[in-house]
Amino acid sequence: MEDDYYVSSEDEEYYDDEDDRQNMELLDYVENDDSLPPEVPRSKVIPKESLLAAQKDDVQRVMDVLSSKENHARTLLIHYRWDVDNLLAVLVDKGKDRLYAEAGVTLVEHNSNVSQQLPSEVMCGICMDEIPAGQVTLMDCGHCFCNECWTEHFIVKINDGQSRRIKCMAHKCNAICDESIIRNLVSVRDPNLAEKFERFLLESYIDDNRMVKWCPSVPHCGNAIRIEEDELCEVECACALQFCFNCLSEAHSPCSCQIWKLWCQKCQDESETVNYIAVNTKPCPKCHKLVEKNGGCNLVTCVCGQHFCWLCGGATGYEHNAESIAGHSCGRFKEDEEMTLEQAKSDLVRYTHYYNRYQAHIDSLKLESKLKQSIQGKISHLVEREFTRTDFSWATNVLNRLFRSRQIISYSYPFAYYMFSEDLCKNEMTAEERTIKQNLFEDQQQQLESNMEKLSKFIEEPFDEYSPDEIRELKIRILNLSTLVDKLCAKLYDCIENDLLGSLKWTRHSVASYKSNGVEKASELNGS
């Protein structure tokens, strides 16, 4: 591991003064390497008021390609979960007829004045009444029923939550009804339900679309996020919430969604409390209350006055010495009970180890979040000292790098807890392989952790009180260390994705890719 990256200590030549030319070259290197060009956002923020416009853009795109009506285009998009690319791929592979048929869209369109071609009265196939031709409706599939029966059918389906794909009433007909007809008939009977139908159609753009999801902020910010490519990514909404687009939890890489869900459940339920009770308490044989031993003697006394043996839990008298309890012997302890107790102790110790380190970094992240205001204060102080021509954006960029690396380190502990347990990956690797991979992971984790703490130390220095030369020297140190931390983060992700998760045969876990610039901030839909 030492061959991969060179980390200089304070007493080595790296921190010694060098000539101006060497300092400028080093400064240019770290600035160019750390200040990566911003990536073009592949995710978009869709405010609630822009949702209809976003939906219409996709509908219009399909209408232009297929020369279809709006309701047909929307029905096709709902069927293909608003994936325009997939819809067009089916069109190329299977043709237009098959595309329409699979979505329940009928290509045969009838004359809008069809009621004038019908006899004066038509028998409705549902209520079996003779209905005037002006009070019946013919769908594209060719089935004709009275408006009352159609309306009842639509109302039932809308109330049942099936408004996005309401099928024709005819037996074994899979054709989807024209949304404009649904809207017109329902609005006559119940205008509020017609509005509900419109809202369901609009929300289909999010609920049925794997590439668009509501921001999970609480209270809800009203924004939706649309991504362009990979669902397995982390995004930042305009409300500043960073979350996993796949599972809608907080951004949790390098944990997979499955591992993060298990960890959250483990931290929230009472399983570890139960483990603690099993390891550290025993029930009184008389009143059955739990008793915790507070001394070294194995004869304990409950508050009810009952004496019992801590080793076996059996009731005893009070007479005892340092070696035994009078009239009591519990040398024949059951092996299975002993193994269960030892396993509970081992599990508790292991969980506590990972949880304490995870929580320590989460607490550090909360404390370091106050640094942003402190850094801004230092920059303002330097401006007052007439450093107006100096760009101090490097300080805030490095601070963001520190926040991101701290998040990665904190989430790496839940990952390690499950990755190297015998439960999640029990049959994936031998004990020897598990040990080798765990050592590899922990080496890289430790390298990142060590350099991240150094970065945290440097960024907290009172550089607003330094001279120009001291600020310049500190900048070189910080930017070089920030670049190293970035590379170590990328290397840790590579180890997780390829050496650890990539080697699994029976279980599949995927993590969001590492982004050097941090979690991607979604841009406004209009490009602003």
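This is a predicted model: local features need pLDDT of at least 70, side-chain atom pairs count only at pLDDT 80 or more; totals for chains, interfaces and linings use all residues.

Colleague: Which element gives the largest share of the lining of the second largest cavity?

Modeller: The lining has 13 residues, with T75, R164, I176, C177 and E179 nearest the centre of this second largest cavity. Two or more residues each come from helix 3 (70-79), helix 8 (179-189) and helix 9 (191-207). The largest share is three residues, and it comes from helix 3.

Colleague: How many charged residues are in the lining of the largest cavity?

Modeller: The largest cavity holds about 80 Å³ of space. Its lining is made up of 13 residues, and those nearest the centre are G104, D140, A175, I176 and C177. By class, the lining of the largest cavity has seven nonpolar residues, five polar ones and, as for charged residues, one.

Colleague: Now to another place: is N498 buried or exposed, or something in between?

Modeller: N498 belongs to helix 16 (residues 468-500). Its relative accessible area is 44%. Buried means under 20% and exposed means over 50%, so N498 counts as partly exposed.

Colleague: Which side chain makes a polar contact with the side chain of N498?

Modeller: Here we look for a pair of N or O atoms within 3.5 Å. The side chain of N498 has such a contact at 2.5 Å, and the partner is the side chain of D494.

Technical notes
Residues are numbered from 1 along each chain as its sequence is written. Side-chain values use heavy atoms; hydrogens and water are left out. On a 1 Å grid over the protein atoms alone, a cavity is a set of points where a 1.4 Å probe fits but cannot get out, and a pocket is an open set with protein on both sides within 12 Å along at least five of seven lines; lining residues have an atom within 4 Å of a point. Grid points are joined across faces, edges and corners, and a volume is the space filled by probe spheres set on the points. Ala, Val, Leu, Ile, Met, Phe, Trp, Tyr, Cys and Pro count as nonpolar, Asp, Glu, Lys and Arg as charged, and the others, Gly among them, as polar. Helices (H or I, at least four residues) and strands (E, at least two) are DSSP runs, numbered from the N terminus. Buried means under 20% relative accessible area, exposed over 50%, partly exposed in between (1.4 Å probe, protein chains only). A polar contact is a pair of N or O atoms within 3.5 Å; within protein, one must be able to donate a hydrogen and the other to accept it, and residues adjacent in sequence count only if both atoms are side-chain atoms.
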